[in-house]
Amino acid sequence: VFWRPSLQKRLPPLYINFWFIILNFQLVTNCIAQLIPVSFTTFQVEHEKCQEIVYQSGTRIYIPTGCFLNEMGSRCSGPITIQYREIHNPIDILASSLTMRTVHEGKTKLLESVGIFEIYALCGNDTLKVAPEKKILIRFAFYTQTPDLSLYYYDLNRRNWVKSIEK
């Protein structure tokens, strides 16, 4: 922060504090804009076999046999790439451009998070979906133990966090 002593003589202290806050806000905003988003980790899995992936945080991902389908509803014939990342703090949420807003009963609210994960399955350049009869089990490694957590998922079409029925 640059300071001009000449301003102190001309402006009352309230204005000096106001300019200091504006300069600090701009500094923080510029720092946040330069943060590096949490990158995805890539894993290769086989379609014909049940597999476990262990992420660096300790999270375990269990993928059943024949779990993924392409847009046409058929199984992938090639190798499957899993892209996965976890976000555990507000700085990483900001850096990753994630919104924490949700609409509940017509009111916009902010969610408080103890952890977010994002996972994609790809076959070549095609994004895969989970077969309706299959489920991926994720044993998420929390950094803090908090009772009475609710599970939300992000609806890409509605661009909103939606409370999940399952826990």
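Where is the place of Arg-159? Arg-159 sits in the loop between strand 12 and strand 13 (160-163). The views below start with the whole chain and return to this loop at the end.

This is a predicted model, in which local features need pLDDT of at least 70, side-chain atom pairs count only at pLDDT 80 or more, and totals for chains, interfaces and linings use all residues. Residues are numbered from 1 along each chain as its sequence is written, and side-chain values use heavy atoms, with hydrogens and water left out.

**View 1. The whole chain.** The chain has three helices and 13 strands. Helices (H or I, at least four residues) and strands (E, at least two) are DSSP runs, numbered from the N terminus. Of the 167 residues in the chain, 26% are buried. Buried means under 20% relative accessible area, exposed means over 50%, and partly exposed lies in between (1.4 Å probe, protein chains only). A contact means heavy atoms within 4.5 Å. Among the contacts with a separation of 6 or more, 61% join residues 24 or more positions apart.

View 2. Rolling a probe the size of a water molecule over the atoms shows where empty space is left. The search uses a 1 Å grid over the protein atoms alone. A pocket is an open set of points with protein on both sides within 12 Å along at least five of seven lines. A cavity is a set of points where a 1.4 Å probe fits but cannot get out. Lining residues have an atom within 4 Å of a point. Grid points are joined across faces, edges and corners, and a volume is the space filled by probe spheres set on the points.

The largest pocket holds about 2,200 Å³ of space. Its lining has 48 residues, and Phe-117, Leu-151, Tyr-152, Tyr-153 and Tyr-154 lie nearest its centre. Strand 8 (116-123), strand 10 (129-130), strand 11 (137-139) and strand 12 (152-155) each supply at least two lining residues. Strand 8 gives the most, with six. By class, the lining has 28 nonpolar, nine polar and 11 charged residues. Here Ala, Val, Leu, Ile, Met, Phe, Trp, Tyr, Cys and Pro count as nonpolar, Asp, Glu, Lys and Arg as charged, and the others, Gly among them, as polar.

**View 3. The largest cavity.** A search of the whole structure finds one cavity of 30 Å³ or more. The largest cavity holds about 40 Å³. Its lining includes Val-45, Glu-46, His-47, Ile-63, Phe-68 and Ile-80. Six nonpolar, three polar and two charged residues make up this lining.

View 4. In soluble globular proteins, nonpolar side chains tend to be buried together. A nonpolar core is a set of buried Ala, Val, Leu, Ile, Met, Phe, Trp, Tyr and Cys residues joined through side-chain atoms within 4.5 Å. The largest core has 16 residues, of which Ile-53, Ile-63, Phe-68, Ile-80, Ile-82 and Leu-128 touch the most other members. Strand 1 (41-45), strand 3, strand 5 (80-87) and strand 8 each supply at least two residues of this core. Strand 5 gives the largest share, three residues. A second, separate core of six residues includes Val-38, Ile-87, Met-100 and Ile-116.

**View 5. Thr-59, inside a loop.** Thr-59 lies in the loop between strand 2 (51-54) and strand 3 (60-63). Is Thr-59 buried or exposed? Thr-59 counts as buried because its relative accessibility is 0%. A polar contact is a pair of N or O atoms within 3.5 Å; within protein, one must be able to donate a hydrogen and the other to accept it, and residues adjacent in sequence count only if both atoms are side-chain atoms. The side chain of Thr-59 makes such a contact with the side chain of Ser-57 (3.2 Å). A polar atom of the Thr-59 side chain also lies 2.9 Å from the backbone nitrogen of Ala-141.

View 6. Ser-113 is found in the loop between strand 7 (107-110) and strand 8. Ser-113 is partly exposed, because its relative accessible area is 27%. Its side chain reaches the backbone nitrogen of Gly-115 at 3.0 Å. Leaving out residues up to four places away in sequence, Ser-113 touches Ile-93 and Met-100.

**View 7. Two positive phi values.** Most residues other than glycine have a negative phi. Asp-148 has a positive phi, near 55°. Asp-148 lies in the loop between strand 11 and strand 12, and is exposed, with a relative accessible area of 76%. Arg-159 also has a positive phi, near 50°. At 67% relative accessibility, Arg-159 is exposed.
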